[in-house]
Amino acid sequence: MSLRFIPLLFAALLLSACGKSATDQASDQLTVRIGAAAPLTGPQAHLGKDNENGTRMAIEDANAKGISIGGRKVHFELVSEDDQADPKTATIVAQKLVDDNVSGVIGHLNSGTTIPAAKIYSDNGIPQISPSATAVAYTHQGFRTAFRVMANDAQQGHALGVYAVKNLGAKRIAVIDDRTAYGQGLADEFIRAATAAGAEIVSHEYTSDKSVDFTAVLTAVKAKQPDLLFYGGMDAQGGPMARQIRALSLNAKFMMGDGGRTPEFIKLAGDAAQSVYASLPGVPLEKMAGGTEFSRRYETEFKQPIQLYAPYCYDAVNVMIAAMQKANSTDPAKYLPTLANITHDGITAKIQFDGNGDLKGGAVTLYQVQQGQWQPLETIGGAATP
Amino acid sequence: MEIFLQQIINGVVQGSVYALVALGYTMVYGILGLINFAHGEVVMMGAMISLSALTALIGMGLSPLLALPLSLVLAIAVCMLLGYGIERIAYRPLRHAPRLAPLITAIGVSIVLQNLAMMIWGRDYHSFPQLFVNQAHQMGGAIINDIQLFIVIAAVCVMAGLMFVVHRTRLGRAMRAVAENQHAAQLMGVNVNRVVSITFMIGSALAALAGMMVSANYGLAHYYMGFLLGLKAFTAAVLGGIGNLRGAMLGGLLLGLIESLGAGYIGDITGGFMGSQYQDVFAFMVLIAVLLFRPSGLLGERLAERA
């Protein structure tokens, strides 16, 4: 054999070797990619990481269990992307996940990113379950692929507004929102419910999801002498806002939505966290079936407490895998109809979707900070909870 | 009236922070004609380091009165070293390159520092320990607390000190000479590299001070906090006339006041048509207007004085 054939032979050998291993793998194991998108950098990175952790736990559990679909053993693989909580980046990330051939997406974290990304998943027929986007608009765009596993802001804003007026006796209410799809949407629902219950909105001010100084708007709010201040936004702003409310001697009760109900908020607000109100879709973690166990496992694995939506991410993955198993296929087109009609006992709730993809009978729980801890006050709704 | 006074106080406190950070931008620009976009990240590093040092020192059982200045000194020292390193690695090799090149490395350094901080301190917010009671003072119905008072006083002192250094000392003369003409200064026996290094170190020391004060005032530190602050301070420097020390101070205070008065009154003035979401729009509109009529900023760039 002349020397110049050797590389050719080598290449042929290599090729055949590749081909062999690929077919081997294909015959006994199927790799299914599940996409996840959340802000992993920027001011909300702690919440994004929390979502990723919850998703990762569910995928690791599924792999440990050894699930077979369509007669083949399935290995789930997490493809986690950073959307920076930015709507523009979210659409790029969504397209990237689609190009990576994911079978489904858990995400995004923010409503502002979930809403534009939903169109891309819908165009490509990929089921999307958001574990945390609460804005009503997300599931009302007419996309068959959009689902969420917690109550939306219509339910949450309503619960907050009614509680503020009926239980806390608020008459003059001031509202601040961060102008994101989430903050604005929640504030609008809150205002609707509070005015319907008989309170007056004396001031509506705005900030951004990157600010840390709110003294100017808080001073403007103080001039209107409200007895309750509602903030539609996240913990990173809510924490310093609570401090500044105290520093300016603004004597009003302070209330937030789910974006503020985190351990991070209490850490950031310090002493000023005392007596602050916030809500969270779903029942309290201790009351969830297996919630305490989940919380313990999470803390062992990631060495930090659950911030907010990790259990919902865990459920979102599991309900997606359950639909795949039931449909006996990981093909999005095949398991999507099954997902829409599924009944799944998760840790956060009994998951069933309505025609829009919203959670049926989602509960909302109100909390208050007492002695440096979020204490549940009252759970509203949630007939379908186990 | 007391609401108006409160808004003025809010603006002056916020403006003093902007001014302190803006001084760092303006000093470097004055001497090198370079916009050091990594400056905001040095502020963040200052906040993070002082916070870590403070937590460690308190943990060792030191009294807060001793731990606070000690951690500030440590943060300043580390930031000075950082400023020196940034200049040495990212800017000095490019000093005679086209102006775009150091601008790109500046952005690069900023990204590197941000990610470095994310790796060291994580993605979580770090809360600043409440060591002693932050006494609130009544001033004609408006409220100012100890930390805010300290911020304003520190900014004024730093400004006065800097003016003294630049105009009354040998180092200041060297700085002004380098600003005017690097080559001529070198020929006259000024060690240009040394002057530039010292300028970066002074700027970084101010950044560390600003970082610690910001995190004490808002009660938090986060690896991302330098970005917006840097942007605002840069705006303040341009507003006052970049390269001009007094301009940085004026621009900072003005920006702070415009923001707080704008956010506080725009809703009432326009009858609810425009709300406080236009806070930033307001500030940038003023900037555009100033640049249209005075392209070199409010106080302009007086060559002999820049540094």
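## Ground rules

Residues count from 1 along each chain as its sequence is written, while chains are lettered from A and ligands numbered from 1 in the order in which they are written. Since the model is a prediction, local features need pLDDT of at least 70 and side-chain atom pairs count only at pLDDT 80 or more, whereas totals for chains, interfaces and linings use all residues.

Chain A comes in two parts: domain 1 (27-151 + 286-353) and domain 2 (154-281 + 366-380), with bounds that come from an automatic or database domain assignment. Their C-alpha centres sit 29 Å apart. Domain 1 of chain A and domain 2 of chain A put 16 residues each into their contact, where two residues touch if their C-beta atoms, placed from the backbone, lie within 7 Å.

On the domain 1 side, helix α4 (residues 111-123) of chain A gives the largest share, three residues. Helices here are DSSP runs of H or I, at least four residues, and strands are runs of E, at least two, numbered from the N terminus.

## The six-stranded sheet

One open sheet in chain A has six strands in the order β2-β3-β1-β4-β5-β6, with mixed pairing. The edges are β2 (68-69) and β6 (146-148) of chain A; each has a single partner strand, so one side of each has no neighbour in the sheet. Pairing here takes at least two DSSP bridges between the strands.

Strand β4 (residues 104-107) and strand β5 (residues 128-130) of chain A run parallel, joined by two bridges, and Val105(A) faces Gln128(A) in β5(A). Helix α4(A) packs on this sheet and touches β1 (29-38), β4, β5 and β6 of chain A, its direction making about 160 degrees with that of β5(A). For such angles, axes are lines fitted to C-alpha atoms (for helices, over the stretch in contact), and the values run from 0 to 180 degrees between N-to-C directions.

## The seven-stranded sheet

Another open sheet in chain A, again with mixed pairing, has seven strands in the order β8-β7-β9-β10-β11-β14-β15. Here β8 (200-206) and β15 (373-380) of chain A are the edge strands, pairing on one side only, and the twist averages 25 degrees from one strand to the next.

Strand β7 (residues 172-177) of chain A is parallel to β8(A), with six bridges joining them. Within that pair, Asp177(A) stands across from Tyr206(A) in β8(A). Helix α7 (residues 215-223) of chain A packs on the sheet against β7, β8 and β9 (228-232) of chain A, and its direction is at about 165 degrees to that of β8(A).

Most residues other than glycine have a negative phi, and most peptide bonds are trans. A few spots are worth a look with that in mind. The peptide bond from Gly107(A) to His108(A) is cis, with omega near 0 degrees; His108(A) lies in the loop between β4 and α4 of chain A.

Gln225(A), in the loop between α7 and β9 of chain A, has a positive phi near 50 degrees. Gln225(A) is partly exposed because 13 other C-beta atoms lie within 10 Å; the scale calls 20 or more buried, 12 or fewer exposed and anything in between partly exposed, with C-beta atoms placed from the backbone. Lys303(A), in the loop between α10 (291-302) and α11 (310-327) of chain A, also has a positive phi, about 55 degrees. With 7 C-beta neighbours inside 10 Å, Lys303(A) is exposed.

Chain B has 11 helices and four strands. The C-alpha trace of chain B spans about 60 × 55 × 35 Å along its principal axes, and 52% of its residues count as buried.

Chain B brings 28 residues to the contact and chain A brings 32. On the chain B side, α1 (2-32), β3 (142-145) and α10 (245-269) are the elements that give two or more residues.
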